[in-house]
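Visitor: I would like to go through the terms used for this model and see what each one rests on. Please set the values against the definitions.

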Amino acid sequence: MRIVFIGPPGAGKGTQSLRLAAARGLVHLSTGDVLRLARARGEAAGLAAARFLDAGELVPDEIVVPLVADRFADDDCRRGCLFDGFPRTLGQAEALDGLLADRGVPLEAAVEFVIPHEELFLRLAKRGRSDDTDETVHARLREYARLTVPLADYYERRGLLRRVDAVGAPDEVFARVSAAIDDLASRAPRSADPSRTP
Ligand code: AMP
């Protein structure tokens, strides 16, 4: 199974993806983690991404897409993959379609985490990550609205989107996310994916 999580910084995508990936035996493919790791290892792509990461800006597609393609090519991703924070632009969504088509596997679900901005600022203040300054949070929310929200429409047109209320205790949100995915998976064309379990 392949699932995409869409949501602004601080919406709880990271927490929920770890849980969902563990519960369903999926690889957790977080582009934020992949980028931070590439940077920590001093890889060229990581170093090229550094100034965007520090500014809270989206890293250009030309850097992000090859990193995702590399990770997605790993054998463990055959059992299924949860994309956390990818795609974030329409260009990335199209690139993901290409990766999936090359593999001959479908995308079963896109989940958008819906949360008011005031709640996000409260959560990000608590998280205290070095790229979570007021200024970068504003920048990321602006970029999110401009580039990422159209993605929800992209998946909605294909009948793949569920919007989930991301306010509440992690258990509650997890139950909503799980229900949304089960609902979408029950509608997915069965013949398209031989690895899909009943
Ligand atoms: P995250 O860990 O998802 O909050 O991402 C942290 C930072 O990594 C973001 O602020 C971006 O600078 C960068 N990033 C993560 N995923 C992407 C992506 N799909 N496209 C571009 N930049 C990304």
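Predicted model: local features only at pLDDT ≥ 70, side-chain atom pairs only at ≥ 80, totals over all residues.

Visitor: Why is Phe86 called buried?

Guide: Buried means under 20% relative accessible area, exposed over 50%, and partly exposed in between, with a 1.4 Å probe and protein chains only. Phe86 has 0% relative accessibility, so Phe86 counts as buried. Phe86 lies in the loop between β3 and α5; helices (H or I, at least four residues) and strands (E, at least two) are DSSP runs, numbered from the N terminus.

Visitor: Which residues does Phe86 touch, leaving out those up to four places away in sequence?

Guide: Contact means heavy atoms within 4.5 Å. With that exclusion, Phe86 touches Val4, Phe5, Thr31, Val64, Val65, Val68, Gln92 and Leu96.

Visitor: What makes a set of residues a nonpolar core?

Guide: The set must consist of buried Ala, Val, Leu, Ile, Met, Phe, Trp, Tyr and Cys residues joined through side-chain atoms within 4.5 Å. The largest such core has 34 residues, of which Val4, Val59, Phe72, Phe83 and Tyr155 touch the most other members. Elements giving two or more residues to this core include β1 (2–6), α4 (61–72), β3 (81–84) and α7 (134–157). The largest share, 6 residues, comes from α4. Phe72 touches Arg2, Leu29, Cys77, Cys81, Phe83, Leu99, Leu100 and Arg103, again not counting residues up to four places away in sequence. A second, separate core has 25 residues, among them Ile3, Phe113, Val177 and Ala180.

Visitor: How do you know what span to expect of α5?

Guide: The expected span of a helix is 1.5 Å times one less than its number of residues. α5 has 14 residues and reaches 20 Å from first C-alpha to last, close to the 20 Å expected.

Visitor: Why are the buried residues of α5 said to line one face?

Guide: The buried residues of α5 are Gln92, Ala93, Leu96, Leu99 and Leu100. Seen down the axis of α5, these residues fall within an arc of 115°, so they line one face of the helix. The arc is that of the directions from the helix axis to the C-beta atoms. What covers them includes β1, α4, β3 and α7. On the other side of α5, Ala101 and Asp102 are exposed. Gly104, with a positive phi near 70°, follows α5.

Visitor: What makes β1 and β3 a pair?

Guide: Two strands pair if DSSP finds at least two bridges between them. β1 and β3 run parallel and are joined by 4 bridges, with Ile3 having Leu82 of β3 as bridge partner. β2 and β3 also pair in the parallel sense over 4 bridges, and His28 stands opposite Leu82. From β3, Cys81 and Phe83 point one way, Leu82 and Asp84 the other, and all are buried.

Visitor: Why is the contact of Arg24 with Asp182 called a salt bridge?

Guide: A salt bridge is a side-chain nitrogen of Lys or Arg within 4 Å of a carboxyl oxygen of Asp or Glu. The N to O distance between Arg24 and Asp182 is 2.9 Å, so the pair meets the cut-off. Arg24 is in α1 (13–24) and Asp182 in α8 (170–187), 158 residues apart. With relative accessible areas of 30% for Arg24 and 41% for Asp182, both are partly exposed.

Visitor: How are Glu143 and Arg146 classed, buried or exposed?

Guide: Glu143, at a relative accessible area of 17%, is buried, whereas Arg146, at 56%, counts as exposed. Their side chains meet in a salt bridge at 3.6 Å, N to O. Being 3 residues apart in α7, the two are separated by about one helical turn.

Visitor: How many salt bridges does a search of the whole structure find?

Guide: The search finds 18. One joins Asp75 to Arg78, with the closest N and O atoms 3.4 Å apart, and both residues are exposed. Arg71, Asp74 and Asp76 are linked in a network of salt bridges.

Key: Residues numbered from 1 in each chain as written. Heavy atoms only, no water.
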